[in-house]
Amino acid sequence: MTQAEKSIGNSPVVKKRISDPRSVQVLLIGLTYLFFIGFIFLPLGLVFSQAFEKGWGFYLDSIHEPYALEAVKLTLLTVAIVVPVNAVFGVSAAWAITKFNFKGKSALKSLLDLPFAVSPVIAGLIFVLLVGSRTPFGSWLGELGIKIIFSTPGIVIATIFVTFPFIARELIPLMEAQGRDEEEAALTLGAKGWQIFGQITLPNIRWGLLYGMILCGARSIGEFGAVSVVSGHIRGQTNTIPLHVEILYSEYNFTASFAVASLLVFLALLTVVLKRGIEKHFQKNSFHH
Amino acid sequence: MNAVTAPRVLASYRLSFSTAFFAALFDGFAGLLTAWVLVRYRFPGKDLLDALVDLPFALPTAVAGICFATLYSPIGWLGQLLAGWNVQVINSPIGIVIALIFIGFPFIVRTIQPVLEEMEQEIEEAAQCLGATRWQTFRKILFPHLFPALLTGVTLAFARGIGEYGSVIFIAGNLPMKTEIAPLMIMSKLDQFDYAGASAVALVLLCISFTMLLALNAVQEWQQKEYRS
Amino acid sequence: MGIELQNITKQFGEYKAIDNLSLNIASGDLIALLGPSGCGKTTLLRIIAGLELADSGKIILENKDTTNLPPRKKNVGFVFQHYALFRRLNVLENVAFGLNVLPFKERPSRSEIRDRVEHLLKLVQMDWAQKRYPSQLSGGQRQRVALARALAVNPRVLLLDEPFSALDAKVRQELRRWLRKLHDEIHVTSIFVTHDQEEALELADKIVVINKGRIEQQGTPQEVYDHPANAFVYNFLGNVNVFHGRVHNGKVSLGAHNVDAPDDLKDIEEKPSQTFVRPHEIGISRIRSNENDFAGTIREVRLLGGQIGLNIECEGLDGPVEAEVPRELFMNLQLAKGVQVFVSLNRVRIFTGDYEI
C-alpha cells in the first residue's frame, strides 16, 4: 500500500514526509550532481564532442562507411534473433518457476543469475571450447559445412547466452507478485494450458515482458566481451558495432570510432527513455515494479 | 597448472579483485547517496537523473571503455585536470576502478530505491517523537534497515566488476603485471591459441564466479527474509 | 490545564481538514477523539504531536506554547496504529531508544536506563520479552511495547492514533480494559483517536465528537450518549432508526401518527424532521398498549450475542423498524418470524436540520 492509501480511508489526507534540514539537502543533492557530472554527463558529452570533431560530413561518412554498415547489419540481425529467442526461453522459465513447484527449482533460479556473475569473456571461451573447429563437435559441424566460431551463428548464440537472464529475471518477481489465482480459476473453469497462457498469463505480464525485451535488446547490441572471443574480428563479416568501435579506436581513428559509438549512445539513451516510459505506465496501472 | 599460478596470472587475479572491490565500495556510497536523494528530495533535474541511472546498464561496455579512456587520457578533459595534481589515471589501476564504478553504479541505486520507497514513514516519526535527531534516526534506524539491500547491490556490483572486460581494457593499458585484468589474460592466451592456458585461468575465475553466485544468492535470500515482515 | 488548542485550522489544498477548532483538556484526563474516517481527528492528533504544522492556531501543552516546536522538542509520546516498532532492535532496545538518544548531559546512566525500561516492561506485562524482536510478537504484544516505548521518556502528553484498530476483536477488548487500568495508574494526559464509538464510550473520561473538522459535541460518555446535541452525534454513537416526517405547529408526524413536538421545536411552523430511536429502546408487545403504537409483522430474526435483533415491517411507517430485545423477552412472548406485534417508540429524539444519513 502506498503512503497515501495507508493514511485515512476515503479522505485525501497526504502526510507530510519528515525531511532533512535544507542545508543537508543542498549538500547531498550537490554531491550527487557532482558524481553524475563526473561519471555520466562528461562521458556523454565527450562522445558527441569527439564524434563531431571533424564536422558533420566526416560523421556521416564514418557511419555510412561500408564496414560500419556491415557491422550495423550484423548487430541488427543478432538482435532480431536473440530477443525473440530469449523471450520464449525467458517466459518459459519464468512460467515454470512461478507457476509450478518442482525439484531443482531453486537450482534453476540460481542458474538464471549465472550469465551475470560469469565474465562474458569466459562465456565466449566456453563456447569456443565446446564448438570450436578443433573440438570433435566443432569439426563434425565443420564437415557439415556449418561454421560457428568466427562467424555469425557463433555471435548469435553467444549473445543469447549472455542476455538470457534479462527477460526471465524481469518476469519472475512480476509473476510471483501476481500469484497463481487467476490461472487456477481459469483451470477450474475448464481452460486448457495454451488458453490459460494466452488469455490470462500473457496479458498480465505484457509490460514486464516488453521491458525485459528492451533491456535484452540493449544488452545484445552492446555485448562486447563474449562476442569478442567468438567472432575473430573479421571486418565486414563478423564485426558487430561494438567490435567495429574497438577496431577503429585501436587504429587511432578516434573520431570515426566515436562517431560509430554515438549511434550506440543514441540507442542507449533511447532505451533509458523507453524504460522510464514503461515504468510510468506500470505505476499508472498500479503494478508495483 | 603452471598457467594458473604464473606470477602474471596471479597479478591479474589480484588486480581484478581489488579493483572490483574498491569500485563496489565507492559505488556503495555513491549509490546510497543517489538513491536517498532521488527518493527523498524534490529538485530540478530529478527525473533526468533518475532515468540516467540506468545508462551504465544500457550503454555498451566498449563505448564506456573508449569514453573513459579518452576522458582521462593526458589530453582529455579530466586527464589534464588530474595531471596538474600528478595523478595518472590511464594505464593504472585507478583507471580500472573508475570504469568499474561507472559499471556497477546502477546495481546499488536500483536495489536500494524500492526499499527506501517502501519504508514506513511512521518509523521515522516514532523516532522523532522519541527525541532522536535526523542523524541519530539515520544511524540507528534507517541505515540498518537499508543495509541488506545495500549489501546485495554491492555484491552484484562486485561480481560484475570481476568479470568486466569491454569497459576496462581501453583505459587500463594492459601493462603486464600492473594493469592486466584476469579476463584479458584469458583473451591473450586465446590469441596465442593457448587453449589449455586460457581454460585454466578461466576455470579459476569460474570457480570464483560460482562462489560469488552462491554468496549473492545467500545475501539476496537474507535480504528477502529481512524485509518480509 | 493539560492541553489547550486555540483556533486550529488546517487545509490540504482545497480540502479543509480542521476548521477553526478549539479544545481544552484537563491534566490527567483520558480523552477520545471520535469521528468517522476523514473527519480530521488523526490530523488534529498529528498537529498536537508536531508531525504536521497547523495553518493557524496555537497548541499549548502544560502551559507552554509548543505551536512551532518540532516533535523532538515537544516531549509527546506517540503510539501509532501500526505500532512502528524498530524492526532491527529488540524489545529492550526499542523501549530504551528515547532514553538512548538523549543528549549526553541529559542521558541517564546505562543502569538507570535499564532499570527504567524493565520497570516499564513490567508495567505493560512484557518483561518476559526483553530479548525478543518485534517480528516474534503478536499485534497486541507489539502495541504494548510501543506504549512502553512512548512512556519511557516521561512525556507530558500521550497520543494514540487508533491504537487498537489493527488488532483482532478479542485482543482489542482486552487491551482497551488494560489501557484504562494503566491510565488510572499513571495519570498521563492522554488523547486517543478512534472511529469506534464503543471504544470511546468504554474508555474515555471525555469524548470529543468530530465531524468535518469541527467539534460536534464534547462531554462525558453519559452526556454524549443520552443527550446528543444533534442528529450526527446521535447517529454516530450507537445504532439508530430514522423516520422522516414533518414538524408542523407543535406536532411531529411520525408515520401515520402524530406526536407532540419537543420543546425546542414547538415554535416551528413547517419543517422536515427526522425522528431517531435506538433499537433497544423500542417496546415490543403482543397487545396494543398505546394509541400511538404501530402494528407490525416480524420479517427477520437475528441472533446478536446476548440480544435478539428483529426486523419489523409496520403499517403506517414507510421503512422497517430495527429493534433489539433481550433473549428472555423473545422467549417469553414466543416471538418468531411472521408473528404480529405492536411496536412502541418510547424514547425518541427529534431533530430538524439537513443531516443526511
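Colleague: How many bridges join strand β16 of chain C to strand β19 of chain C?

Modeller: This is a predicted model, and in it strand β16 (residues 294-304) and strand β19 (residues 340-345) of chain C are joined by 4 bridges. The two strands run antiparallel.

Colleague: Which residue is the bridge partner of G296(C) in β19(C)?

Modeller: The partner of G296(C) is V341(C).

Colleague: In what order do the strands of that sheet come?

Modeller: The order is β15-β19-β16-β17-β18 in chain C, an open sheet of 5 strands with antiparallel pairing. At the edges are β15 (282-285) and β18 (321-326) of chain C, each of which pairs on one side only. On average, neighbouring strands of this sheet are turned by 45° against each other, direction ignored.

Colleague: And the sheet with β3 of chain C, what is its strand order?

Modeller: That open sheet has 6 strands in the order β6-β7-β8-β3-β9-β10 of chain C, and its pairing is mixed. The edge strands are β6 (76-79) and β10 of chain C.

Colleague: Are β3 and β8 of chain C parallel or antiparallel?

Modeller: They run parallel: 5 bridges join β3 (residues 30-34) to β8 (residues 189-194) in chain C. One pair can be named, L33(C) with its bridge partner V193(C) in β8(C).

Colleague: What about β9 and β10 of chain C, in which sense do they pair?

Modeller: Strand β9 (residues 206-211) and strand β10 (residues 214-219) of chain C pair in the antiparallel sense over 5 bridges. V208(C) stands opposite Q218(C) of β10(C). The hairpin of β9(C) and β10(C) has 2 residues between the strands, and K212(C) takes a positive phi near 50°.

Colleague: Which strands does helix α1 of chain C lie across?

Modeller: Helix α1 (residues 41-49) of chain C lies across β3, β6, β7 (157-161), β8 and β9 of chain C. The helix runs at about 150° to β7(C).

Colleague: Now a single residue. Is F97(C) buried or exposed, and why?

Modeller: F97(C) counts as buried because it has 24 C-beta neighbours inside 10 Å, and the cut-off for a buried residue is 20 or more. F97(C) is found in helix α3 (residues 91-100) of chain C.

Colleague: Which residues does F97(C) touch?

Modeller: Leaving aside residues up to four places away in sequence, F97(C) touches L130(B), F86(C), L89(C) and R149(C). F86(C) is 11 residues from F97(C) in sequence, and their C-alpha atoms are 9.3 Å apart.

Colleague: L130(B) brings us to the other chain. How many residues of chain B are in contact with chain C?

Modeller: There are 16 residues of chain B in contact with 20 residues of chain C. On the side of chain B that touches chain C, α8 (121-129) and α9 (134-163) of chain B each supply at least two residues. The largest share, 6 residues, comes from α8(B). By class, this side of chain B has 7 nonpolar, 6 polar and 3 charged residues.

Colleague: How many residues of chain A are in contact with chain B?

Modeller: The count is 52 residues of chain A, in contact with 55 residues of chain B. Several helices of chain A each supply at least two residues to this side, including α7 (120-131), α11 (193-222) and α14 (254-284). α2(A) gives the most, with 14 residues. The residues of this side of chain A divide into 35 nonpolar, 10 polar and 7 charged.

Colleague: Back to chain C for a moment. How is it divided into domains?

Modeller: Chain C is divided into domain 1 (3-236) and domain 2 (241-352). Their C-alpha centres lie 40 Å apart. In chain C, 4 residues of domain 1 are in contact with 4 residues of domain 2. On the domain 1 side, these residues divide into 3 nonpolar, 1 polar and no charged.

Terms used:
Residues are numbered from 1 along each chain as its sequence is written. Chains are lettered from A and ligands numbered from 1 in the order in which they are written. This is a predicted model: local features need pLDDT of at least 70, side-chain atom pairs count only at pLDDT 80 or more; totals for chains, interfaces and linings use all residues. Two strands pair if DSSP finds at least two bridges between them. Axes are lines fitted to C-alpha atoms, for helices over the stretch in contact, and angles run from 0 to 180 degrees between N-to-C directions. Two residues are in contact if their C-beta atoms, placed from the backbone, lie within 7 Å. Ala, Val, Leu, Ile, Met, Phe, Trp, Tyr, Cys and Pro count as nonpolar, Asp, Glu, Lys and Arg as charged, and the others, Gly among them, as polar. Domain bounds come from an automatic or database domain assignment. A residue is buried if 20 or more other C-beta atoms lie within 10 Å of its own, exposed if 12 or fewer, and partly exposed in between; C-beta atoms are placed from the backbone.
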